[in-house]
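Welcome! Here is a short tour of some side-chain contacts, meant for a first look.

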Amino acid sequence: MNMDLYITKHRIIQDYLHQLTTLINGTLDRTNATLIAELINKTTGVLNMHLASEDSFVYPKLLESSDTRVRSITQRYMDEMTKIADAYLAFHKKYNTPSKILADTAEFKQTFKKVRDALLLRMEREEKELYTYTE
């Protein structure tokens, strides 16, 4: 299975997360909050498509493996991703508009950092571990 598309989606998500980090580390005013909300929504769109594709193609293929270790690792990744995706979607719902972001900027920043770090670590782990089993 060719994983180039999945890795490309990772790079797009990573780029959006980097842009968000830069904006969030700046002044959180109405203008930046608008840009941040737009980027959060773009990130959500790419992430949702990416997860749907993994659920439809990558995980089923790996779960068909004759290697019990591969099946076990795949199931663990699926379970972990459910938790990460739920946390991200809760973040998105809570902070998808400028007014929601500006309502409590300290909490927004803290929540973003947690979600960002979880996503970045997950993508790194997928590329180093999970995706190697698709070859």
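Which side chain does Glu 127 meet in a salt bridge? The partner is Arg 11, with 2.8 Å from N to O. Keep in mind that this is a predicted model.

**Salt bridges**

- The count comes to nine salt bridges.
- Glu 127 sits in helix H5 and Arg 11 in helix H1 (residues 4–24), so their bridge ties together parts that lie 116 residues apart in sequence.
- Glu 127 is partly exposed at 21% relative accessibility, and Arg 11 is partly exposed at 40%.
- Within helix H5, Lys 128 pairs with Glu 124 at 3.2 Å between the closest N and O atoms; the two are four residues apart, about one turn of the helix.
- Lys 128 is exposed, with a relative accessible area of 63%, while Glu 124 is partly exposed at 41%.
- Arg 76 and Glu 80 form a salt bridge at 3.5 Å, and about one helical turn separates them in helix H3.
- Arg 76 and Glu 80 also belong to a salt-bridge network with Arg 122, Arg 125, Glu 126 and Glu 129.

**Aromatic rings**

- There are six aromatic pairs in the structure.
- Phe 91 and Tyr 95 have ring centres 5.5 Å apart and planes at 50°, so this pair is tilted; both residues are buried.
- Phe 91 and Phe 108 are stacked, because their planes meet at 20°, with centres 5.9 Å apart.
- Phe 91 and Phe 108 are both buried.
- Ring pairs join Tyr 88, Phe 91, Tyr 95, Phe 108 and Phe 112 into a cluster.

Technical notes
Residues are numbered from 1 along each chain as its sequence is written. This is a predicted model: local features need pLDDT of at least 70, side-chain atom pairs count only at pLDDT 80 or more; totals for chains, interfaces and linings use all residues. Side-chain values use heavy atoms; hydrogens and water are left out. Rings of Phe, Tyr and Trp (its six-membered ring) pair if their centres lie within 6.5 Å; planes under 30 degrees apart count as stacked, over 60 as edge-to-face and the rest as tilted. Buried means under 20% relative accessible area, exposed over 50%, partly exposed in between (1.4 Å probe, protein chains only). A salt bridge is a side-chain nitrogen of Lys or Arg within 4 Å of a carboxyl oxygen of Asp or Glu.
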